Amino acid sequence: MLDYEAATAFLGEWGRFQRLVFFLLSASIIPNGFNGMSAVFLAGTPEHRCAVPGGANLSGEWRNASIPLEVRGGRAAPSRCRRYRLAALANFSALGLRPGSDVDLEALEQERCLDGWEYSRDVYRSTIVSEWNLVCEDDWKAPLTTSLFFVGVLLGSFVSGQLSDRFGRKSILFSTMAVQTGFSFLQIFSTSWEMFTVLFLIVGMGQISNYVVAFILGTEILGKSVRIIFSTLGVCIFFAIGYMLLPLFAYFIRDWRMLLLALTVPGVFCVPLWWIIPESPRWLISQGRYKEAEAIIRKAAKINGVPAPAVIFDTTEMQDLKPQQQQKAILLDLFRTRNIATITIMSLLLWMLTSVGYFGLSLSTPNWHGDAYINCFLSAVIEIPAYVIAWLLLRSLPRRYSISGTLVLGGGVVLFIQLVPADLYVLSVGLVMLGKFGITSAFSMLYVYNVELYPTLVRNMAVGATSTASRVGSIIAPYFVYLGAYDRFLPYILMGSLTVLIGILTLFLPESYGNPLPENFEQMLRVKCFSISYFQFQKRATNHRC
C-alpha cells in the first residue's frame, strides 16, 4: 500500500457512504447561514422618534408638532434624535398659541430625547436596538454588536484548526455545534446589551469553528473528485440555503427573542448526526489509531455494498504515511523576497476588501428600497448562481481574469446605484443583486487561487494569514453600512470603488491556472510587473555583455 487514497480506492468515489457524508456535513452548515447573518434582523433599527410623555400638558396640535423635521434621503422626515423643548411647548399650549401660525417652530430651542423613544412596529416588533435604545448617541453600539460577532469568528478561526488537529475532527465539530447552539439559547435571556454582545462573540467563535471543521472532515473523508465539489459547491450552497431561511423565519417571527429561539432550535436536530458522521480515518491514522480507522473503512464498504480486502492498513507500511520532518516556516517567510512579499500584501488586500464588499452588501439589506425581508431573501438566493458560476469559471478559465472580472462587475454596478432615480427602486435593488453576485463569485474563488499561489512550506500559513485579513474585513464591514445614516449612497460609493480597485490590482498577480502547485519558493510564479522588469533587466544585461 502506497498511500491512503490507494488503500481506500475499493470504496469508489460516490457510493452510499460518500453521499451520506456529503449531504449530512453540508446540512450541518445550514445553521451557520442564518446565524452568520442574524444580526440583520436581531439588530435591525426601526423608525423612531423622541417620546413625548402623556403628562406633558400639550394640546393635540402641539403634541403633533413637538418633533422637528429634518431632511433625510432627500425628503423631510421627523427627527429621530431631537425634539422641541417641552417646557416651552407647554407654555405656548397653555397660552392657546398655535404652532406655525403664532409661533415660528424653526426658532424654537431643541433638546435630546430625554424621555426615550417611540419605535415603529411596521417592520420589526422588537429588536435589540429598540430593547436597549441603541440609537442616537448610542447608535454606534448596533454595528459594534455585529463587529464583535466577527471578532469571535476571527478568534474561532485561530483555534478551530489546532483543536481539531489535537482532539479529532468529529469531537470538535460537535463541540462547536454545541457552543453555537447553547450560547445562542443563552442570548435569549440577555438582560443588557453588554451581556448579549459577549454571548454573540462566543457564538461567532462556535459558528466559524463548526464551519471550518466540517469543511476539513469532508475533504479528508471524500475522494478527490467529490472533494472538489464538496468544497466549492456543497458547503457554500448549503450555507446559502441557511441564509435564505433567515428572512423566512424573521418575516413570521418579528420579536427578536422568539426569532433567536427559532434560529437556535435547528442546532438541536444535529445531535443525532453524532451516531452517523464518522471520525476522519486520516486523522486517526496520524494518531496511530489504525484499528479504529480500519473499522470506519470496513463499515463504509458495507454501506457501499463492496467487499473489503483482508488487510486495509498494514501498520508496518503505514509508517510511510506519517508526515516527514519538514523545515519549519515562520510568518516572515511570507515576506522573504520582494516577489512573495508583493503577492502576500496584494492577497491580504484582496481578501480584506472582497470581504468588506460581501458582508457590507449582505448586512445592508434593510437599507435597500422595498421590503427588508424580500431584500434579504434575494441577497441569499443570488449566492447560489454565484457559486455555480464560480465553479464553472474555475474549471475552464484563468484565475486572474475570473476573479478580476467578477470583482469589477460587482464593484462597478454598485457604483452605478447613486445614479439611479429614487423612484426606480427596483432597478437599484437589481444593481445591488448583480453586485452581490459578482463579489460572491470572486469570494468563493479566492480559496482555490490562494492555495495555488504559495509553496507547500508556507501554504497553510498563507491561507491562515489571508483568512485573517478576510475576518478583519468582516469586522469593519458593519461600519461601512453605518455610514448610510449620514449619506444613503456613501457605503455603495466606498464599497464599489474599493472593489473595482482591488479587481484591477488582481490582474498584476501571477496566473496559476494550469500550473503545478509550487513546492518551494523558487517555483513560485512571479508578479506580472516584476517578471516583465526581470526579463528586461536580463535582456539589457545580455546586450551589455555583447
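**Helix packing, disulfides and a buried threonine**

Reply: Contact here means heavy atoms within 4.5 Å. Helices (H or I, at least four residues) and strands (E, at least two) are DSSP runs, numbered from the N terminus. This is a predicted model, where local features need pLDDT of at least 70 and side-chain atom pairs count only at pLDDT 80 or more, while totals for chains, interfaces and linings use all residues. Residues are numbered from 1 along each chain as its sequence is written, and side-chain values use heavy atoms, with hydrogens and water left out.

Me: How are α11 and α16 oriented to each other?
Reply: Their axes come within 8 Å and cross at roughly 170°. Axes are lines fitted to C-alpha atoms, for helices over the stretch in contact, and angles run from 0 to 180 degrees between N-to-C directions. Under 35 degrees counts as roughly parallel, over 145 as roughly antiparallel, 65 to 115 as roughly perpendicular and the rest as oblique. That is why α11 and α16 come out as roughly antiparallel.

Me: And how are α16 and α17 oriented to each other?
Reply: S379, A380 and V381 of α16 meet E383, I384 and P385 of α17. The axes of α16 (residues 372-381) and α17 (residues 383-396) are 4 Å apart, at an angle of about 15°. The two helices are therefore roughly parallel.

Me: How many disulfides are there, and in what pattern?
Reply: The rule is a pair of cysteine sulfur atoms within 2.5 Å. C50 and C113 are joined with S to S at 1.8 Å, and C81 and C136 have their sulfurs 2.0 Å apart. The count is 2 disulfides, and with bonded cysteines counted along the chain the pattern is 1-3, 2-4.

Me: What is the handedness of the disulfide of C50 and C113, and why?
Reply: Both cysteines are buried, meaning under 20% relative accessible area, with exposed over 50% and partly exposed in between (1.4 Å probe, protein chains only). The torsion about the S-S bond of C50 and C113 is about -60°, so this disulfide is left-handed.

Me: How many residues apart in sequence are the parts that C81 and C136 tie together?
Reply: For C81 and C136, the angle about the S-S bond is -95°, a left-handed link. C81 sits in the loop between β3 (75-78) and β4 (82-84), and C136 in the loop between α7 and α8 (141-167), so the tied parts are 55 residues apart.

Me: Which backbone nitrogen does the side chain of T127 reach?
Reply: T127 lies in the loop between β6 (117-119) and α7 (128-132) and is buried, because its relative accessibility is 0%. A polar atom of its side chain lies 2.8 Å from the backbone oxygen of G44. A polar contact is a pair of N or O atoms within 3.5 Å; within protein, one must be able to donate a hydrogen and the other to accept it, and residues adjacent in sequence count only if both atoms are side-chain atoms. At 3.1 Å, the T127 side chain reaches the backbone nitrogen of V129.

Me: Which residues of α12 are buried?
Reply: At the start of α12, a side-chain oxygen of D255 comes to within 3.2 Å of the backbone nitrogen of R257. What covers the buried residues of α12 includes α3 (30-36), α4 (39-42), α7, α9 (169-187), α10 (193-221) and α11 (224-252). In α12 (residues 256-268) the buried ones are W256, L259, L260, A262, L263, T264, P266 and G267.

Me: Where in the chain is confidence lowest?
Reply: pLDDT is the predictor's confidence in each residue, from 0 to 100; the chain mean is 83, and 89% of residues reach 70 or more. Over residues 530-546 pLDDT stays under 50, and the model has 5 contacts beyond four places in sequence for them. Confidence is highest in α7, with a mean of 93, and lowest, with a mean of 44, in helix α22 (residues 528-545).
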